Amino acid sequence: MTPLTTPPPTLPQPTGTATGPHDAAFLPRLQFALRRSERPITAPVPKLGGDPCWPAEPAWPLSPRTGEPLVFVGQFAVPGEDRRLALLFLAADGGLDGPMGGIDPESGDAVLLVQPGGRIPPFAVIGPPGTRGRTLWRLDPDGDGGGDGDGDGNRTPVEFHLDLVPLPGDLDRSMDERAAFQRHLRGEGPEVRFPDGGHVHDHVGGLPSFPSGRAGVPAPWRYFFALSDAPYPDDPYFLDFGHGDGFGFLSPDGLEGRFHWDIP
């Protein structure tokens, strides 16, 4: 167990005005930037890969379908005054180079756990004490990446710091325009032109936009972060969301999470 003694990095803060998953629940929008770690990250800071830095008792989720431990993807600092982490676990039931869990946010094959003081989602299957599963890996096209000792030599475990970086003003505006365009398509806002600016897939906070135009969870769940998939050998890590993006959400009190991925 790792107590939350390390101050979190600068985070977006709750807006207090979000009523559902299409609103900006946390501002400002900040981009995730990978920074490779040369040693295991044991502090409760945002990261991808490695071992979970459990702020409370370990609670490794299992796949409801197979009973196998889910893959630990990473941990994200929860905005707000209380220092909490949201730990993301996904199923790899389709194999180590196939689609990950998260099509249905409440099937149990994608679990976003909030600790300390959070609630375990009712659909999550938690393994017995001592349960430990895989962590995030990258695909090694040469097949000699060392693996993790179980015959998967072309899959090398990885670990990265997730730094939070402000977006340039024009890029931030472009992403707000994309969200406004989707709001118009849903019949929830005035007509706006199709945005022609850039888009950052990996970020926390801000107004969200989704590949299908709609959030995969209903109100009152609130948008938290986005992660793009990374299914190719030259990507820094492996995530397969069907060439889409994955999205994290929090309950209004910030104590429970949801995750799903979406494609156009």
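## The largest pocket

The residues that line the largest pocket fall into 8 nonpolar, 5 polar and 5 charged, where Ala, Val, Leu, Ile, Met, Phe, Trp, Tyr, Cys and Pro count as nonpolar, Asp, Glu, Lys and Arg as charged, and the others, Gly among them, as polar. The volume of this pocket is about 260 Å³, and of its 18 lining residues, Pro14, Phe26, Pro79, Pro252 and Gly254 are the closest to its centre. On a 1 Å grid over the protein atoms alone, a pocket is an open set of points with protein on both sides within 12 Å along at least five of seven lines, a cavity is a set of points where a 1.4 Å probe fits but cannot get out, and lining residues have an atom within 4 Å of a point. Grid points are joined across faces, edges and corners, and a volume is the space filled by probe spheres set on the points.

The model is predicted, so local features need pLDDT of at least 70 and side-chain atom pairs count only at pLDDT 80 or more, while totals for chains, interfaces and linings use all residues. Residues are numbered from 1 along each chain as its sequence is written, and side-chain values use heavy atoms, with hydrogens and water left out.

## Cavities

Rolling a probe the size of a water molecule over the atoms shows where empty space is left. The count comes to 2 cavities of 30 Å³ or more, and the second largest cavity holds about 40 Å³ of space. Its lining is made by Leu11, Phe32, Pro46, Phe76, Ala77, Leu164, Val204 and Phe224, which by class gives 8 nonpolar, no polar and no charged residues.

## The nonpolar cores

A nonpolar core is a set of buried Ala, Val, Leu, Ile, Met, Phe, Trp, Tyr and Cys residues joined through side-chain atoms within 4.5 Å; buried means under 20% relative accessible area, exposed over 50%, and partly exposed in between, with a 1.4 Å probe and protein chains only. The largest nonpolar core has 39 residues, and those with the most contacts inside it are Phe76, Leu88, Leu90, Phe224, Phe225 and Leu239. The elements that give two or more residues to this core are strands S3 (30-36), S6 (71-78), S7, S8, S10 (137-139), S12 (159-166), S14 and S16 (257-262), with S6 providing the largest share, 5 residues. Strands are DSSP runs of E, at least two residues long, numbered from the N terminus. A second, separate core of 13 residues includes Leu70, Leu85, Val111 and Phe123.

Leu88, in strand S7 (residues 84-90), counts as buried because its relative accessibility is 0%. Leaving out residues up to four places away in sequence, Leu88 touches Val71, Phe72, Val73, Gly74, Phe76, Val111, Leu112, Phe225, Leu227 and Phe259, where contact means heavy atoms within 4.5 Å. With the same exclusion, Phe225 touches Phe32, Phe76, Leu88, Leu112, His203, Val204, Gly246, Phe247, Gly248 and Phe259.

## Aromatic pairs

A pair of aromatic rings is described by the distance of the centres and the angle of the planes. Rings of Phe, Tyr and Trp (its six-membered ring) pair if their centres lie within 6.5 Å, and planes under 30 degrees apart count as stacked, over 60 as edge-to-face and the rest as tilted. The whole structure has 19 aromatic pairs. In one of them, the rings of Tyr223 and Phe249 have centres 6.2 Å apart and planes at 70°, so the pair is edge-to-face. This pair links distant parts of the chain, since Tyr223 in strand S14 (residues 222-228) and Phe249 in strand S15 (residues 245-250) are 26 residues apart.

Tyr223 counts as buried at 1% relative accessibility, and Phe249 counts as buried at 0%. Ring pairs also link Phe26, Phe32, Phe76, Phe224, Phe225, Phe241, Phe259 and Trp261 into a cluster.

## Backbone features in loops

Most residues other than glycine have a negative phi, and most peptide bonds are trans. A cis peptide bond joins Gln115 and Pro116, with omega about -10°, and Pro116 is placed in the loop between strand S8 (110-115) and strand S9 (125-126). Another cis peptide bond, with omega about 10°, joins Ala219 and Pro220, and Pro220 is in the loop between strand S13 (203-204) and S14.

His243, in the loop between S14 and S15, has a positive phi near 65° although this residue is not glycine, and His243 counts as exposed at 55% relative accessibility.

Terms used: Helices (H or I, at least four residues) and strands (E, at least two) are DSSP runs, numbered from the N terminus.
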